[in-house]
Amino acid sequence: MGEAARALSTALSTPTEPGAALLGQAASRWVRLVPHVVALALVASLLPVTVVVLVGDYGVNGGIAGLLATAQTAPLFMAVSRPLQAWWVVFAADVLGAVVMMSGAAAEGRPWPWTPMVVVGYLGLMLGVGLREQRRTLVSVWLVTGAAGFVLELFGGQAGGNAVHLLLFVLSGVVLLITGMLRERGDAQRRLVEQETISEAERSRRTLLEERARIARELHDVVAHHMSVITVQADSAPYRIDGLPEAAREEFASMAASARESLTEMRRMLSVLRSENAEGERAPQPGVDRVPQLVEATIRAGLPVELSLAADLGTVPQAVDLSAYRIVQEGLANVVRHAPGARTRVSVSRSPNLEWLIVLVVNGPPAKPTAPLETSGTGHGLVGMRERVRLTGGMLDTGPLPDGGFRVAARLPLFARLP
């Protein structure tokens, strides 16, 4: 018995978390207004009628009748969003009203313990309770409603006799059953939609992972294979070709070193593509400290490059550090492809206010005797630069110079900024 009482108390004292008003998720504005209109109509019609009936038919004092009528009807406004809390107020007011009306009902033979207005308002309240609360709460409300009616009928003696308490008990049970079924059906549909959304997101994620794995396979099978071949050929050339001069041996060694570095970065990128949680990105990434090596490799490729690197750049964020390196790398690669032999200047420094990292790659016109390796490009390199700079919250300026050269200027924030 104690367990049942505790369960009943818990159900009645634990309302569903207040959220949107009833039908508040409906797409149509008019549908969202329906609960408010119904509550207004019930209060506007029941409140004055209740006062008149209590005073005229049950002989209740006018002030007390006004208070009871307000307590029995006004909480219907609150029932639109907090029906269980509204039920507590209305139920207490209805029981108190039954006690106040007892003598008048016995003398006049009026309906008791519930008046017709109480029945109508209570059923309207049950609509809100049934559409918002859980099943155990609905059962508890229904049982308490019936128990209160039967207890009042039992102790009211001659005041009762019209079985209005039984009518409210049955009607409230029917309303709670129907609205509870509608709510559970709606909850089941929402859960189904949520599950379908999750499934669709999972399918999209799986498709993305499969595409990334396909790209990784293609890169490995095509690019990595050819880079490996270049590395092997460059390493073995001094042993396969007799009488190579020392300069040629150094050139082959430089080619092999560049190819191995490219392979290392390719494998790092492949690990990122194949990793579901991007664990591959935890590997050390190149930064500004690797720019001198990058410039040295470019000089060995025959491009005259002048480097100006600030002695103390301070703490550079990891994303900015990597972006600066990639911008210099892509800028030098563009010079090699489109302006071979052009004099090039690379500069990495801090702005005077120490808030920005300034990266410059400026080249002159291509050397006359040398034809460009590429006469046209896809523009992917410049797009990649812009994306990197945008993600760090910086700015990028690129464009041709009057003398036929080209300039890449990036300003990257050394402190956190919104892109």
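Predicted model: local features only at pLDDT ≥ 70, side-chain atom pairs only at ≥ 80, totals over all residues.

Reader: Which residues make the contact of H5 and H6?

Author: From H5, Tyr122, Met126, Val129 and Gly130; from H6, Leu138, Val141 and Thr145. Contact means heavy atoms within 4.5 Å. Five of the residues are nonpolar, two are polar and none is charged. Ala, Val, Leu, Ile, Met, Phe, Trp, Tyr, Cys and Pro count as nonpolar, Asp, Glu, Lys and Arg as charged, and the others, Gly among them, as polar.

Reader: At what angle do H5 and H6 pack?

Author: About 160°, with the axes of H5 (residues 116-132) and H6 (residues 135-156) 10 Å apart. That makes H5 roughly antiparallel to H6, a label for angles over 145 degrees. The axes are lines fitted to C-alpha atoms over the stretch in contact, and angles run from 0 to 180 degrees between N-to-C directions. Helices are DSSP runs (H or I, at least four residues) and strands likewise (E, at least two), numbered from the N terminus.

Reader: And H2 with H5, is that crossing left-handed or right-handed?

Author: Left-handed. The axes of H2 (residues 29-56) and H5 come within 10 Å and cross at roughly 155°, so H2 is roughly antiparallel to H5. The contact is made by Leu42, Leu46, Val49, Thr50 and Val53 of H2 with Met117, Val120, Gly121 and Gly124 of H5. By class, that contact has six nonpolar residues, three polar and no charged.

Reader: Changing topic. Where is the cis peptide bond?

Author: Between Trp112 and Pro113, with omega about 5°. Pro113 lies in the loop between H4 (83-108) and H5.

Reader: What about Leu354, what is its phi?

Author: Positive, about 65°, although Leu354 is not a glycine. Leu354 is in the loop between strands S2 (344-350) and S3 (356-363). Its relative accessible area is 45%, which means partly exposed, between buried (under 20%) and exposed (over 50%), with a 1.4 Å probe and protein chains only.

Reader: How many helices and strands does the protein have?

Author: 11 helices and five strands. Of its 419 residues, 37% are buried.

Notes. Residues numbered from 1 in each chain as written. Heavy atoms only, no water. Parallel < 35°, antiparallel > 145°, perpendicular 65-115°, else oblique. Left-handed = near helix turned anticlockwise from the far one by under 90°.
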